[in-house]
Amino acid sequence: MAIIGRRTLIAGAGAACLAARTPQVKAGDAAPPFTLLTFQFKKIASADLAGQVIMLNYWATWCAPCRHELPALDAYYRRHARDGLKIFAVKSEADQRPNQDLLGLAKVVSFPLIWSLKGKGYGDIGGALPSNYVIDRSGVVRYAQAGAFDAESLEAIVTPLLKEAAPAAPAAASAT
């Protein structure tokens, strides 16, 4: 029987903690409910976004690909906000920069920066940033991957979802 060393035990425990923290949401899943808190202290529930195409973008101030992606997201959002698109930039918990330092950025981008997201299954995918989730109008996760969007990938992945019709509202029960 092999003897497990202290370093191996600690490394294994650390990996188990990371695995437990790894987001479980995958493309094709029904989007788990979430609540957002914006930098302006406004709460937004996923239920309030029904019928919209939603993008949750996890980013950090020290992440070079994130710094390139945010302007692309901003330009895309400015073109498609009227098409039923909602983008939320969620600052990663791994980013230790105080949120107060980002209030200037929050005033410049056209979509909300998010102070926190409460909900199961979301977060940096595999610990990588940026990580993006795209939820269609029916509430199905259609994209869940680490890596930065650019103008071309936004057009290829998000634009077709914006062209899909919103689901019909359930009919009200008639009184008999």
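A disulfide, defined as a pair of cysteine sulfur atoms within 2.5 Å, joins Cys63 to Cys66 with an S to S distance of 2.3 Å. The structure is a predicted model, in which local features need pLDDT of at least 70 and side-chain atom pairs count only at pLDDT 80 or more, whereas totals for chains, interfaces and linings use all residues. Residues are numbered from 1 along each chain as its sequence is written, and side-chain values use heavy atoms, with hydrogens and water left out. A search of the whole structure finds one disulfide. The link of Cys63 and Cys66 is right-handed, with 75 degrees about the S-S bond. Both Cys63 and Cys66 are buried; here buried means under 20% relative accessible area, exposed over 50%, and partly exposed in between, for a 1.4 Å probe and protein chains only.

Seven strands form an open sheet in the order 2-1-5-4-3-6-7, with mixed pairing; two strands pair if DSSP finds at least two bridges between them. Strand 2 (43–45) and strand 7 each have a single partner strand and stand at the edges, so one side of each is left without a neighbour in the sheet. From one strand to the next, the twist averages 30 degrees. Angles run from 0 to 180 degrees between N-to-C directions, and axes are lines fitted to C-alpha atoms, for helices over the stretch in contact. Helix 2 (residues 64–80) packs on the sheet and touches strand 3, strand 4 (85–91) and strand 6, where contact means heavy atoms within 4.5 Å. The direction of helix 2 makes about 160 degrees with that of strand 4.

Strand 1 (residues 35–38) and strand 5 (residues 113–118) run antiparallel and are joined by four bridges. Within this pairing, Lys118 in strand 5 is the bridge partner of Thr35.

Strand 6 (residues 131–135) is mostly covered, with five of its five residues buried. In a regular strand the side chains alternate between the two faces of the sheet. In strand 6, Ser131, Tyr133 and Ile135 point one way and Asn132 and Val134 the other way, and all are buried. Strand 6 pairs with strand 3 (residues 53–59) in the antiparallel sense over five bridges, and Asn132 in strand 6 stands opposite Asn57. Strand 6 is also joined by five bridges to strand 7 (residues 141–146), the two running antiparallel. The bridge partner of Ser131 in strand 7 is Ala146. Strands 6 and 7 form a hairpin with five residues between them, and Gly139 in the turn has a positive phi of about 85 degrees.

The largest nonpolar core has 44 residues, of which Phe34, Leu56, Tyr122 and Val158 touch the most other members. Such a core is a set of buried Ala, Val, Leu, Ile, Met, Phe, Trp, Tyr and Cys residues joined through side-chain atoms within 4.5 Å. At least two residues of this core are supplied by each of strand 3, helix 2, strand 4, strand 5, strand 6, strand 7 and helix 5 (159–163). Strand 3 provides the largest share, six residues. Apart from neighbours within four places in sequence, Val158 is in contact with Val53, Met55, Tyr76, Leu85, Val134 and Ser153.

Rings of Phe, Tyr and Trp (its six-membered ring) pair if their centres lie within 6.5 Å; planes under 30 degrees apart count as stacked, over 60 as edge-to-face and the rest as tilted. By this rule the count comes to seven aromatic pairs. One of these pairs, Tyr58 and Tyr133, is edge-to-face, with 6.1 Å centre to centre and 75 degrees between the planes. This pair links distant parts of the chain, as Tyr58 in strand 3 and Tyr133 in strand 6 are 75 residues apart. Tyr58 and Tyr133 are both buried. The rings of Tyr122 and Tyr133 have centres 5.3 Å apart and planes at 80 degrees, so this pair is also edge-to-face. Tyr122 lies in the loop between strand 5 and strand 6, eleven residues from Tyr133, and Tyr122 is buried. Ring pairs link Phe34, Tyr58, Tyr122 and Tyr133 into a cluster.

Most residues other than glycine have a negative phi, and most peptide bonds are trans. Phe41, although not a glycine, has a positive phi of about 65 degrees.
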